[in-house]
Every structure is written in C-alpha cells, then in structure tokens.
Amino acid sequence: MAKSYKEIMNDITTFIFDVDGVLTDGTVHVSQTGEMLREMNIRDGFAMKAAIESGYHVCIISGGSNEGVRIRLRNLGITDIHLATPNKVDTFKEYIELYNIRPEQVLYMGDDIPDFHVMKLVGLPTCPQDASPEIKAISNYISHKNGGKGAVRDVIEQVMKVQEKWHLYYNGKFD
Ligand SMILES: [Mg+2]
C-alpha cells in the first residue's frame, strides 16, 4: 500500500520552495521604473527560520529573479537561494548531490508548470490550495492555505510536528 503523506513526512530532512505562487500569492506590483514588488508572509518566514535552526535543509528554486527576494530570504538564514533558474530539475539534482540528500527526503512545494518535472522526482510533492490543476494532480499533499498565505508554514509545521521538533523549537523562546 502506498504511504500516506504523514508517513512520508517522517523521512523529510529537506524543504525546497518555489517563490512566485508559493512564498507569494503570485502577484507582482510593477513600479513605474519596472521594479517588481512581491508580498511575503511573516509566518511563512518564521517557519523557514525555525526549520533551519532545527537542522533541516531549506532551499529556494525560482525561475524569477529579484535581489529584494534574495535579501529577505538570506536574512531568514537561507543559504541555498537559486533565482533565475532556467532548469529546475538540473538545479535540484546539483543541490541534493552537494548535500548528499536522497530525493525521498525532500518535500517540494510548487504551484505551476515550471515545477512539474522536479516535483515528479521528490518524496513529497506538495502545493498550495490555489496551485494550477496540473500541479494539484501530482501533489501528494495539497495545503488548505493559498500561496503567500501560509501554505509554506503549513507544510513545515506539519513535518516538524510529525518529527516532534516543532514544540522543541519554540519551547524556551518565550521565557
Ligand atoms: Mg511559481
């Protein structure tokens, strides 16, 4: 029998996220000078920081390019930030080889066609509630939250709870 997504979560050591439509709601505000402004969710950021500080790998693979995005993510402690990636599969393969990660240990969250092929390679393909139908069809878990609205927080929190790391992380933080 196929494993449930909760069972697969036991083996996850690595989170990989797309940016647009996952860490954002997919909207870009285009300024008069052509600069593209995005909105990110503070609770998603907290969860990524918690995951890193608890020893998980967190990696960003995006086709888009924006220095503001890079700075924001780096400030959360993320060191593996791949922007303007022409081929997500190649970037994924290089990344897991570098850190000696097995594909079964990876949770990937994507929302649209550019994520399709890489999502077929990972142990736990996931997506926000408002992902494209093609991506929903190949996801093992579909969050009840939308992109940019807590979907990233949802999957990190679930994995850390299954592995009993979530409470360990914030215990002592409010003393
Ligand atoms: Mg996307």
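Reply: The model is predicted. Asp 18 is buried, because its relative accessibility is 5% and the cut-off for buried is under 20%. Asp 20 has a relative accessible area of 22%, so it counts as partly exposed.

Now the helix, α4. It runs over residues 88-99. Its 12 residues should span 16 Å at 1.5 Å a residue, and the end C-alpha atoms lie 17 Å apart, which agrees. Buried in α4 are Lys 88, Val 89, Thr 91, Phe 92, Tyr 95 and Ile 96. They cover an arc of only 160° around the axis, so they sit on the same side of α4. An α-helix has 3.6 residues a turn, so residues three or four places apart point the same way. Glu 94, Glu 97 and Leu 98 are exposed, on the face of α4 turned away from its buried side.

What covers the buried side? The cover of the buried residues of α4 includes strands β1 (14-17), β4 (57-61), β5 (80-82) and β6 (106-109), along with α5 (116-119).

Next, the two ends. At the start of α4, a side-chain oxygen of Asn 87 comes within 2.9 Å of the backbone nitrogen of Val 89. After α4 comes Asn 100, with a positive phi near 60°.

Then the wider packing. The largest nonpolar core has 33 residues. Among those with the most contacts inside it are Phe 15, Phe 17 and Met 48. β1, β4 and β6 each supply at least two residues of this core, as do α1 (5-9), α2 (42-53), α3 (67-75), α7 (151-162) and α8 (166-170). α7 gives the most, with six residues. A second, separate core has 17 residues, including Ile 16, Val 89, Val 106 and Ile 135. Val 89 is also one of the buried residues of α4.

Leu 124 lies in strand β7 (residues 124-127). Its relative accessibility is 0%, so it is buried. Among its contacts are Val 106, Leu 107 and Tyr 108. Leu 124 and Leu 107 are 17 residues apart in sequence, yet their C-alpha atoms are 4.6 Å apart.

Key:
Residues are numbered from 1 along each chain as its sequence is written. This is a predicted model: local features need pLDDT of at least 70, side-chain atom pairs count only at pLDDT 80 or more; totals for chains, interfaces and linings use all residues. Side-chain values use heavy atoms; hydrogens and water are left out. Buried means under 20% relative accessible area, exposed over 50%, partly exposed in between (1.4 Å probe, protein chains only). Helices (H or I, at least four residues) and strands (E, at least two) are DSSP runs, numbered from the N terminus. The expected span of a helix is 1.5 Å times one less than its number of residues. The arc is that of the directions from the helix axis to the C-beta atoms. Contact means heavy atoms within 4.5 Å. A polar contact is a pair of N or O atoms within 3.5 Å; within protein, one must be able to donate a hydrogen and the other to accept it, and residues adjacent in sequence count only if both atoms are side-chain atoms. A nonpolar core is a set of buried Ala, Val, Leu, Ile, Met, Phe, Trp, Tyr and Cys residues joined through side-chain atoms within 4.5 Å.
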